[in-house]
Amino acid sequence: MSLAINFAYLHVLGLDGIRDSEAVGAAMMRVVAGDTGATVMSVVIVFSTLTTLNGLIITGARSSYALGRDVGALRSVGTWQRQGSTPANALLLQGAVSAVLVVFGAFTRTGFRTMVAYTSPVFWFFMLLVALSLYVFRRRETGGESHYRVPLYPVTPALFALSCLWVLCSSLLDAGRGSVVGVAVLLAGTPLLFLRAPRPR
């Protein structure tokens, strides 16, 4: 689906049109269906973004909650609120970090692009780790081949990992200082790996 959408962008706008547009989807629909089509596409994208944010909020907070359970120094983040059945402290932390990012972007000339530059390398680095972890889990765990089934293994995860590595390198080269800040924050959290509580065997 993503490949088809990008092909449509390329077919209608061309490389120069994509490069010069700040809202590629709306620009394409403006060419195809006029201003009305561009408005409809913008509304669809807004609602799609809201649903994506909902999923990211749920998964992000639970990742922070799991980190709090593993790292004693972050125990307060790993608490579960029975009322509402939510990781309340992790949600508050996630909201605070998001607010800092918004403020960080507001003080730059291109706020949205700055936030993308800050987060994109980190996102693609973790996607690369996800692809590589599949090989680790299949080899390490008993019955891993049946638990982590992937069509055309090991080719498909390798292609995905190479794609992530390509986008990661491109984002680092293209984003400039914003990407450096994001990577620095990521590396600053590395010592937490050595503070994990030992898991029972």
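This passage describes the fold of one protein chain and then several of its local features.

The model is predicted, so local features require pLDDT of at least 70, side-chain atom pairs count only at pLDDT 80 or more, and totals for chains, interfaces and linings use all residues. Residues are numbered from 1 along each chain as its sequence is written, and side-chain values use heavy atoms, with hydrogens and water left out.

The protein chain holds seven helices and zero strands. Helices (H or I, at least four residues) and strands (E, at least two) are DSSP runs, numbered from the N terminus. In sequence order the pattern reads α-α-α-α-α-α-α. The C-alpha trace spans about 60 × 45 × 35 Å along its principal axes.

The chain has 201 residues, of which 21% count as buried. Buried means under 20% relative accessible area, exposed means over 50%, and partly exposed lies in between (1.4 Å probe, protein chains only). The accessible surface comes to about 14800 Å². Carbon and sulfur atoms contribute 68% of that surface. These areas come from the Shrake-Rupley method with a 1.4 Å probe; for residues, only the protein chains shown count as cover.

Contacts (heavy atoms within 4.5 Å) were also examined by sequence separation. Of the contacts with a separation of 6 or more, 41% involve residues 24 or more positions apart. The chain carries 16 positive and 8 negative charges, and their mean positions are 15 Å apart. Lys and Arg count as positive and Asp and Glu as negative, while His and the chain ends are not counted. Each charge is placed at NZ of Lys, CZ of Arg, CG of Asp or CD of Glu.

Aromatic pairs come next. Rings of Phe, Tyr and Trp (its six-membered ring) pair if their centres lie within 6.5 Å; planes under 30 degrees apart count as stacked, over 60 as edge-to-face and the rest as tilted. By this rule there are four aromatic pairs. One of them joins Tyr-65 and Trp-80 edge-to-face, at 5.1 Å centre to centre with 65° between the planes. Tyr-65 lies in helix H2 (residues 24–70) and Trp-80 in the loop between H2 and helix H3 (88–106), so this pair ties together parts that are 15 residues apart in sequence. Tyr-65 is buried, at 16% relative accessibility. Trp-80 is partly exposed, with a relative accessible area of 36%. Phe-125 and Phe-126 also pair edge-to-face, because their ring centres are 6.0 Å apart and their planes stand at 70°. Phe-125 is partly exposed at 31%, and Phe-126 is partly exposed at 42%.

Ser-171 is found in helix H6 (residues 155–175). Ser-171 counts as buried because its relative accessibility is 11%. A polar atom of the Ser-171 side chain lies 2.7 Å from the backbone oxygen of Leu-168. Neighbours within four places in sequence aside, Ser-171 is in contact with Ser-120, Pro-121 and Ser-179.

The loop between helix H5 (144–147) and H6 contains Pro-154. A cis peptide bond joins Tyr-153 and Pro-154, with omega at about 5°. Leu-152 also lies in the loop between H5 and H6. Phi of Leu-152 is near 60°, a positive value in a residue other than glycine. Leu-152 is exposed, with a relative accessible area of 66%.

Notes. Polar contact = N/O pair within 3.5 Å; in protein donor to acceptor, adjacent residues only side chain to side chain.
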